[in-house]
Amino acid sequence: MRPIKPTLTDEDVIQFCLNGYIMYEGVIPEEINRQVYAYLEEHDSGEPSEILKQPFFIDGVLLNETVAGAVRSLLGENFMLPHLMSNHRSVKPRESLGGWHWDAGAIISPPTVNYLQVFYLPQDVTLDMGPTAFLPGSHLINYDTAYMAHYGNFRNQFLTVAPAGSVLITAYPIWHRATTKTSTATRNLLKYNYWRTVPPTRDWITDPNFDPITADYKGGDGRRGYTVFSQPRVSIEPVNVAAEMFNWLSGTLDQYRLVGAQGWPLETEKGYDPDYTRKLVNTYNNLAIEMKDYKRP
Ligand SMILES: O=C(O)CCC(=O)C(=O)O
Ligand SMILES: [Fe+2]
């Protein structure tokens, strides 16, 4: 495999930690999409894994510069390519109510990134073609699938109504569901995993001025996402888990300690004083070392 350069910045990685996905609309060139579509017409099974051996697919889709650069940023060097291909090929109209789920094998907590689940649309997907719905931030929510399946629409869900060649890179446990399809057009949806082979470290595009302690884990646009359900029952907010995930990815999880209360990570910029926050975090870290025989959340 040719060397692949990381393309994500600290801010991009935080966005990924918070939202659980990165969408690249129309990133795969049209001629490759057409080739893939034709291939799937001939190999119309739900698991057309032979496509993973096709040079046009490896070079044109799996190793697309933008996509592979993001994968490299999140999974580190020498990541492994998928070994299994799923096609959620939907031929007939279908009605879909509820149905939110994680895919099998989701490990929810702690929020690790040992692999990425990628969805690739080789064709335009319109609303009547039953685009998949995703819930931003839901990869951080530890919840029971038996309950999850009953929910309908969420306010900030998003639908993969997108042009041909769109690639959605997701944190594996993101909640998603099929939606109602009224069209008789066939919709292909390819889904596959990339795998980490090296321990996580902060080796994406880093900014020397970036300070993980004062970073904005809320993601700039101020969106709070959903409150996270977790065991043990501490009130953990999305920014907490996003910060934990960022530290996991940076290889600094041993330095991540949830302070709680109005401590760190903060989800408000009100009364924000970086020096004070740093002092608070350091004090808490020292205290935790001193009290190491005590359990911490
Ligand atoms: O068919 C869909 O839109 C949803 C598919 C799905 O749940 C999946 O790809 O894991
Ligand atoms: Fe699924």
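Predicted model: local features only at pLDDT ≥ 70, side-chain atom pairs only at ≥ 80, totals over all residues.
Residues are numbered from 1 along each chain as its sequence is written, and chains are lettered from A and ligands numbered from 1 in the order in which they are written.

Colour by pLDDT, the predictor's confidence in each residue, from 0 to 100. The chain mean is 88, and 90% of residues reach 70 or more. Next select residues 229-233, where the pLDDT is below 50; beyond near neighbours in sequence, this stretch has 8 contacts in the model. Two residues are in contact if their C-beta atoms, placed from the backbone, lie within 7 Å.

Switch to a cartoon view. The chain has 7 helices and 8 strands, which are DSSP runs numbered from the N terminus (helices: H or I, at least four residues; strands: E, at least two).

Go to the open sheet, where 5 strands lie in the order 1-6-3-8-2 with antiparallel pairing; two strands pair if DSSP finds at least two bridges between them. Strand 1 (21-24) and strand 2 (86-87) are at the edges with a single partner strand each, so one side of each has no neighbour in the sheet. Now select strand 3 (residues 115-121) and strand 8 (residues 190-195), which run antiparallel and are joined by 6 bridges. Tyrosine 115 has tryptophan 195 of strand 8 as its bridge partner.

Select helix 6 (residues 238-250). Its 13 residues reach 18 Å from first C-alpha to last, close to the 18 Å expected at 1.5 Å a residue, the expected span being 1.5 Å times one less than the number of residues. Helix 6 is largely enclosed by the rest of the structure, because 11 of its 13 residues are buried; among them are Val241, Met245, Phe246 and Leu249. Show helix 1 (10-19) and helix 4 (65-75) too: the buried residues of helix 6 pack against both. Glycine 251 follows helix 6, with a positive phi near 75 degrees.

Finish at ligand 1. Around it are His88, Ser90, Asp103, Thr132, His176, Ala178, Leu189 and Lys191, each with its C-beta atom, placed from the backbone, within 6 Å of the ligand.

Definitions and conventions: Buried ≥ 20, exposed ≤ 12 C-beta atoms within 10 Å, placed from the backbone.
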